[in-house]
Amino acid sequence: MSWKITLSLLGMLVTNLGFALEQIEIDIGGLVSQQDKIQKLSATLDLYHNNQLGFSMNSQSLSLSPPYDALKAITLGCQAIKVNKKIAICKDGYLTLTTPSNNPLNIPFELKLASDVNSGQFIMTAIPLTQEPSNFMLKWNKHLWKIKPEINQLPLKPLTDFLKATGILDIDGLLSLQGDVTATSNDFLDANIKLSGNNLSAQSKDATKAIAKLAISSSIQAETSGAIAQGQIEFKFSDGEIYLEPIYLPINNTPISGDTEFFLDTDNKYIQLSGFTFTHQTVIAFSGSLQTTLEKTFPPDQGTINVQVYNLATLFNYYMAPYLSTNSVKPMLSETRGLILSELEFVDKQLVDFKLTAADLSTIYSFNNQDISINNANINLNWRPENCRDQSFVYWKSAVIRGVPLPETILRFKACGQQISFERNVTLPLLDGEMQFDHLDIKQLADGGVDLSFATEINNISLAALSEAFDLPPLAGQISASIPSVRLENGGLRMDSSIHINVFGGKIEIQQLQIDGMLGSYPILTTDIKVNNLDLGKLSKRFSFGNIEGKLNGTINGLRIENQKVIAFDAEFSTPANSLLPNSISQKAVENIASLGGSSPGDILSRGVLKLFESFFYSRLGFSCKLRNNVCELKGVATAENNGFYLIKGAFVPQINVIGYNRRVNWSELATRLKRISEQSSPVVN
């Protein structure tokens with residue numbers, strides 16, 4: 001015989017106790033808010049002989065706020081509870097949790113509870129879904145609590161609804177957790193926990209973080225007392241993929257691991273890491289000790305960091321290049337070898353010593369269809385915040401910077417504070433000539449930018465090598481120049497004064513040169529150029545363009561080149577108007593100049609008496625072009641009949657004039673003609 005008391009929605013007993021069972025708003029120990037609702041609650045209590053009873057409570061509808069909103073229904077009960085004056089024992093308890101997709105999660109448990117509830121134990125005899133035997137135990141005795149989880153190979157995919165509330169999506173894989181935790185009511189805790197996982201996959205709701213097929217093992221041993229915690233942490237990622245926008249890391253055969261001893265003071269927001277290591281196998285390794293505050297972790301208060309770079313290409317391509325990529329253009333390092341070591345020391349949140357050593361370093365840097373390569377480089381950098389007394393140097397066996405070859409070179413300098421100063425009167429071999437630096441200083445600005453300034457003399461640089469390196473129309477001869485001052489600041493290059501170049505018997509002056517974004521994927525160059533007294537004979541003899549005698553003057557104002565494409569300029573080139581004697585020009589030069597203006601005098605030159613002459617006299621030649629929106633507005637040295645303009649104005653008999661009539665020319669077509677003529681006109685070596 002037993003007594004059965006049922007609490008239902010219409011139960012008078014419950015109604016008389018003052019509960020509204022149609023809808024209950026509760027606050028359970030602060031775990032859920034008052035807006036959370038438990039609906040359609042029913043409870044059953046069975047009383048049996050021999051001090052036994054059965055209990056069951058069920059809610060068919062829950063409406064909870066995150067992270068509890070994954071629970072839509074719950075059932076809790078025990079078929080037989082033995083009760084006496086000292087203890088209550090339930091050996092066949094059950095807890096069923098139901099998700100929005102109506103997937104029930106059944107959890108069997110045992111419960112022993114002393115009558116004063118100050119001691120007892122709770123044991124999950126089996127963990128649902130696990131692929132290997134698992135359990136969970138919680139024991140408490142007055143002020144002492146012990147927790148021991150033993151969860152083996154738990155599939156995460158069935159828990160998707162529960163974990164979704166944390167902002168994690170597409171969860172999969174197997175997770176294992178073993179531990180032993182002891183805690184007391186006076187805030188002492190001793191924990192030893194091991195966590196491992198295989199084929200773990202998940203991503204954040206905003207898709208900025210993700211893991212795929214990740215294999216992880218980790219452990220933590222810690223003791224806490226009040227606000228103080230100390231212990232040791234170890235972890236290892238041995239396989240899979242990690243994405244932390246914008247960094248993507250395929251682990252594969254290059255595991256990532258780390259360990260450290262720690263000391264944490266939460267009251268003073270202070271942390272100390274002793275003997276820490278972080279290793280991305282075959283790529284990079286960090287080690288050292290740090291002391292810092294939690295409010296501003298870096299730079300640390302005190303400490304040292306040692307860095308070893310084993311594979312610079314992998315380090316750059318995976319960790320750095322994603323931050324430098326623009327418009328789907330990604331810089332890359334390749335064919336890298338050598339070893340890089342560095343050491344950093346911090347005192348009072350200041351870097352007080354930095355050393356960098358590179359041995360036999362070789363690599364190729366590719367970005368925006370341009371390459372920079374360096375072979376067998378050795379670097380010894382010694383930096384301090386003040387007192388530039390330690391010598392540093394950079395050496396390379398050979399290097400190529402965007403097509404410009406640099407032979408074996410050593411540069412010595414001193415580095416301190418925000419400045420690097422190279423030795424005075426440094427000579428750098430370049431393109432069969434040399435650059436002599438009067439000074440070369442690099443300084444960091446207050447806004448975080450970089451200020452680079454130098455003055456240099458350029459002596460006998462090969463124009464042929466220069467034009468080949470920068471993919472220009474082939475030139476010949478040598479170039480010399482004086483550059484009094486150059487500054488590189490905020491990613492852009494500025495000239496404080498003009499560049500004077502002596503070439504082809506005349507002078508070229510480059511004024512107000514400015515390059516913005518020169519290290520990025522879309523550099524913009526602006527400048528004004530003056531040409532004075534260039535010897536056309538020396539210039540034309542270097543090509544099979546045709547021979548021209550005379551002097552050439554000209555200007556290019558407002559030249560603007562964006563991403564290596566000419567956008568705008570106002571250009572004017574001509575021979576002097578006050579020349580006393582005419583100069584000669586060959587038939588071939590006449591044909592090439594005429595083709596630039598869209599004319600074709602070749603049929604005239606091939607008929608009659610004109611074909612008997614190899615050259616002609618001219619009084620003036622030249623043109624002007626105003627480029628806007630890919631249209632060149634052409635003018636000549638003088639106006640001609642029928643709204644024409646002279647590109648070449650002849651003199652004496654037989655006289656040849658080249659007259660243009662098309663004043664608006666497509667710049668792309670004109671540039672194509674120039675390129676075609678330059679390709680047909682190979683340099684002539686004298």
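This report describes the confidence, overall make-up and selected local features of a predicted model of one protein chain.

## Confidence of the model

The structure is a prediction, and the mean pLDDT of the chain is 80. A pLDDT of at least 70 is reached by 81% of the residues.

## Overall make-up

The chain has 686 residues, of which 38% count as buried. Its secondary structure consists of eight helices and 44 strands. Where contacts link residues at least 6 apart in sequence, 45% of them join residues at least 24 apart.

The accessible surface of the chain comes to about 38200 Å², and 55% of this area is supplied by carbon and sulfur atoms.

## Disulfide between Cys 78 and Cys 90

The whole structure contains two disulfides. One of them links Cys 78 with Cys 90, at an S to S distance of 1.9 Å. This link is right-handed, with 115° about the S-S bond. Cys 78 belongs to strand 5 (residues 73-83) and Cys 90 to strand 6 (residues 87-98), so the bond ties together parts that are 12 residues apart in sequence.

Cys 78 has a relative accessible area of 5% and is therefore buried. Cys 90 is likewise buried, with a relative accessible area of 5%.

Cys 625 is buried at a relative accessible area of 4%, and Cys 632 is buried at 0%.

Lys 626 is situated in strand 39 (residues 615-628). With a relative accessible area of 41%, this lysine is partly exposed. Leaving aside residues up to four places away in sequence, Lys 626 touches Phe 569, Asp 570, Val 631, Cys 632 and Glu 633. A separation of 9.6 Å is found between the C-alpha atoms of Lys 626 and Ile 556, which are 70 residues apart along the chain.

Glu 245 and Pro 246 are joined by a cis peptide bond, with omega of about 5°. Pro 246 is placed in the loop between strand 14 (228-244) and strand 15 (247-250).

A cis peptide bond also runs from Phe 298 to Pro 299, where omega is near 0°. Pro 299 lies in the loop between strand 18 (284-293) and strand 19 (302-309).

Lys 349 is a residue other than glycine with a positive phi, near 60°. Its position is in the loop between strand 20 (332-347) and strand 21 (350-367). The relative accessibility of Lys 349 is 19%, so this residue counts as buried, for which the cut-off is under 20%.

Asn 460 also has a positive phi, of about 55°, although it is not a glycine. This asparagine lies in strand 30 (residues 450-462). Asn 460 is partly exposed, at a relative accessible area of 39%.

## Helix 3

At the start of helix 3, a side-chain oxygen of Asn 311 comes to within 3.2 Å of the backbone nitrogen of Ala 313. The helix spans residues 312-324 and has a kink of about 40° at Tyr 318, shortly before the proline Pro 322.

Which residues of helix 3 are buried? They are Leu 312, Ala 313, Leu 315, Phe 316, Asn 317, Tyr 319, Ala 321 and Pro 322. An α-helix has 3.6 residues a turn, so residues three or four places apart point the same way. Pro 322, which the kink shortly precedes, is among the buried residues of the helix. Ala 313, whose backbone nitrogen is approached by the side-chain oxygen of Asn 311, is buried as well.

Key. Residues numbered from 1 in each chain as written. Heavy atoms only, no water. pLDDT = per-residue confidence, 0-100. Helix = DSSP H or I, 4+ residues; strand = E, 2+ residues; numbered from the N terminus. Buried < 20%, exposed > 50% of the residue type's maximum accessible area, 1.4 Å probe, protein only. Contact = heavy atoms within 4.5 Å. Areas by Shrake-Rupley, 256 points an atom, 1.4 Å probe, with all protein chains shown as cover. Disulfide = S-S within 2.5 Å. Bend = angle between axes of the 7 residues up to and from the residue. Polar contact = N/O pair within 3.5 Å; in protein donor to acceptor, adjacent residues only side chain to side chain.
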